[in-house]
Amino acid sequence: MNSIMLVDERERLLLAPYAMRSADSAGRVYPEPLHAYRGPFQRDRDRILHSSAFRRLSGKMQVFTGEMGDYHRTRLTHTHEVASIARTIGRALRLNEDLIEALALMHDIGHPPYGHAGEDALNESARDFGGFSHNRFGLTIVQEIEFRFTQFPGLNLTRDVLDGQTARIDKRGDRPRPLLEVQLVDAADSVTYDAHDTDDAIKLGLVSLEQMKRLGLISECLQFVENNYTGLSEELLRQAVVHRLIERQVTSLLEYCASRLQEFDFDSVEEAIQSPFLVEPDDELREMKQELEAFLYQHVYRHPHLVQIRNRAQDKLKEMFRAFCRNPDLFPPKYRRRAAKVGVERMAVEYNAGMTDHFCEQVYQQLTEAGGGQ
């Protein structure tokens with residue numbers, strides 16, 4: 001063990017003054033002994049990675065459903081892409097990679113089946129008792145629903161990771177600005193979905209590269225590819241453009257933030273989060289991303305085929321919610337116990353939210369055959 005560099009020594013040598021250090025962690029709700037060679041944020045990452053809710057992300061759609069093929073991203077592959085991009089930028093900015101990875105792996109853990117369409121349906125079902133937010137449900141999962149220990153409920157993550165997730169719930173609130181590591185995960189999330197939604201949409205034929213080349217960011221990336229490669233097939237051209245789209249965003253974000261951090265020259269974490277500095281793209285990239293995202297919303301997310309699929313999915317979730325509320329005996333035993341604590345309606349929302357797309361279809365079919373739980 002003596003040959004293993006202690007976590008705090010490694011962080012002292014590698015991290016910038018504005019990075020969150022493991023030694024400065026606010027600790028856990030339920031105190032635990034320190035691990036011999038893993039820091040607190042490494043342990044958080046591992047607990048999230050090994051959780052049931054994280055594994056279920058493999059069966060939850062990002063934008064496109066399984067019936068459209070198996071090429072496109074799931075909620076799990078999206079999460080891994082966010083973590084990879086966030087770690088890349090975080091390392092270059094000398095932020096805490098372990099904290100970044102834990103935050104990235106957790107950021108979508110509360111997403112329900114059928115993506116944002118599912119979230120909207122559950123929010124509508126729960127409108128009389130607080131609504132539904134996948135960010136808030138992510139906290140509920142790791143604090144109450146997951147059981148990995150006999151001494152306490154949840155995963156007992158550090159308060160730092162829990163606070164980072166809490167900051168995602170209401171970004172317009174009066175809360176203090178979150179740690180730079182938290183801000184970075186949000187920025188990496190944006191980089192990731194702009195790139196992979198473009199990739200998936202073109203691959204699935206919902207839009208074409210020809211349609212998208214009028215957009216400033218796509219045009220710039222396409223021009224770069226054409227200047228550097230010749231004779232690319234249609235598939236290789238798409239891949240090269242998407243690769244450049246990621247590279248362009250990451251490089252710009254990194255260079256802009258590094259320059260701003262050099263100007264501010266922060267001496268501490270507190271100084272950084274109390275300043276006007278944000279981990280965000282410069283004005284030029286922000287405007288181009290907004291143009292791209294507006295196109296994706298209009299031509300991809302609102303594509304008639306996807307709208308039909310989402311409408312059907314929302315109807316199923318609402319119907320399932322009503323069925324469970326009418327007959328709580330339909331819950332598996334462990335969920336009946338939780339229903340007694342949080343209420344049948346809230347349990348119905350949570351149970352639906354935890355399902356994969358496929359399991360949701362199975363349960364809906366069972367309820368239909370049983371007459372909707374009558």
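Before I start, a note on words: I count Ala, Val, Leu, Ile, Met, Phe, Trp, Tyr, Cys and Pro as nonpolar, Asp, Glu, Lys and Arg as charged, and the others, Gly among them, as polar.

**Entry 1: the model.** This is a predicted model, where local features need pLDDT of at least 70, side-chain atom pairs count only at pLDDT 80 or more, and totals for chains, interfaces and linings use all residues. Residues are numbered from 1 along each chain as its sequence is written, and side-chain values use heavy atoms, with hydrogens and water left out.

**Entry 2: confidence.** I looked up pLDDT, the predictor's confidence in each residue, from 0 to 100. The protein chain has a mean of 92, and 94% of its residues reach 70 or more. I also looked at helices (DSSP runs of H or I, at least four residues, numbered from the N terminus). Confidence is highest in α5, at a mean of 98, and lowest in α16, at 90. A reminder to myself: where pLDDT is low, the predicted coordinates should not be read in detail.

**Entry 3: the cavity.** On a 1 Å grid over the protein atoms alone, a cavity is a set of points where a 1.4 Å probe fits but cannot get out; a pocket is an open set with protein on both sides within 12 Å along at least five of seven lines; lining residues have an atom within 4 Å of a point. Points are joined across faces, edges and corners, and a volume is the space filled by probe spheres set on them. My search of the whole structure found one cavity of 30 Å³ or more. The largest cavity has a volume of about 50 Å³. Its lining includes Leu103, His107 and Arg168. α5 (97-106), α8 (159-169) and α9 (180-203) each give two or more residues to this lining, and α8 has the largest share, with four. I sorted the lining into five nonpolar residues, three polar and one charged.

**Entry 4: the second largest pocket.** This pocket has a volume of about 540 Å³. Of its 21 lining residues, Ile145, Glu146, Phe147, Lys334 and Tyr335 lie nearest the centre. α16 gives the most to the lining, five residues. I sorted this lining too: 10 nonpolar, two polar and nine charged.

**Entry 5: Ser268.** I found Ser268 in the loop between α12 (234-264) and α13 (269-273). Leaving out residues up to four places away in sequence, Ser268 touches Pro17 and Tyr18, where contact means heavy atoms within 4.5 Å. Ser268 and Met20 are 248 residues apart in sequence, and their C-alpha atoms are 8.9 Å apart in space.
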